[in-house]
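Please open the model in your viewer and keep the selection panel to hand.

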Amino acid sequence: MASILFVCLGNICRSPLAEGVAAAFAMQNGKEVRLDSAGTGAWHIGNPPDSRSIAIAQSYGVDISRQKARQLKLADFARFDLICAMDRQNLADIEALRAANLEASDHAEICLLLDFAPSDIGQDVPDPYYGDGSDFLHVWTLVNQAMPSLFSSLLGED
C-alpha cells in the first residue's frame, strides 16, 4: 500500500488538514493509501490539531479531531513512500535530518506539497497559526488543489 506523510512545523495546523484532505480524497476515489502527519518541531506532541483546523475540516465533513501531533522521526524515512513538506523551510529541515543521519533510509521521496498543485508549483502552504478562519480556509483550498495530482503521481496513474 502506498503511503504519504504530511509535515509542517508543529503538526497542529497545516499537516493535519493535509492528512484529512488526503483521507477524504482517498475515500471518495476508492484509493487505499496509508496516511499520517508530523511536525519538524516538538512543541505540540500529543495535542490535537488547532481548533481552527478542526473547524474548517468539519465544515467540509472531515473529522480530524482525533489526530495527535507528533514529531518527524528517522523511522519515517523508511515507513513512507512520500514525505510532503508544507513549506520550503520544512522541506529543508526534513532534508537536513535525513542528511545528518546516514542510516536514514532512502526509501521516502521528499517533496513540497504544492509542487502537485499546477498553479502553485514551488510555493509554500502558508502557516495560518497567527491568522484567522480565512487563513485556514486558504490552507484547505491549497491542499485540495494538490491532491488529484499527488495521488495520480504516487499511484502511477499519470
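Against which elements do the buried residues of α5 pack? They pack against β1 (2-8), α1 (14-28), β2 (33-39), α2 and β3 (82-85), where contact means heavy atoms within 4.5 Å, and helices (H or I, at least four residues) and strands (E, at least two) are DSSP runs numbered from the N terminus. This is a predicted model, in which local features need pLDDT of at least 70 and side-chain atom pairs count only at pLDDT 80 or more, while totals for chains, interfaces and linings use all residues. Residues are numbered from 1 along each chain as its sequence is written, and side-chain values use heavy atoms, with hydrogens and water left out.

**Helix α5**

Select residues 133-154, which make up helix α5. Its buried residues include Phe136, Val139, Leu142, Val143 and Leu150, buried being under 20% relative accessible area, exposed over 50% and partly exposed in between (1.4 Å probe, protein chains only). Next, centre on Met147, where α5 bends by about 35° and Pro148 follows within four residues; the bend is the angle between axes fitted to the seven residues ending there and the seven starting there. Just after the helix, Gly156 takes a positive phi of about 65°.

**Aromatic pairs**

Now show the rings of Phe, Tyr and Trp (its six-membered ring), which pair if their centres lie within 6.5 Å, with planes under 30 degrees apart counted as stacked, over 60 as edge-to-face and the rest as tilted. By this rule there are three aromatic pairs. Select Tyr60 and Trp140: the ring centres are 5.0 Å apart and the planes meet at 15°, so this pair is stacked. Tyr60 is partly exposed at 46% relative accessible area, whereas Trp140, at 7%, is buried.

Move on to Tyr129 and Tyr130, an edge-to-face pair with centres 4.9 Å apart and 90° between the planes.

**Cores**

Finally, colour the nonpolar cores, each a set of buried Ala, Val, Leu, Ile, Met, Phe, Trp, Tyr and Cys residues joined through side-chain atoms within 4.5 Å. The largest has 37 residues, and those with the most contacts inside it are Phe6, Leu113, Met147, Leu150 and Phe151. Helix α5 gives the most to this core, with nine residues. Apart from it lies another core of 13 residues, among them Ala38, Ile94, Ala108 and Leu112.
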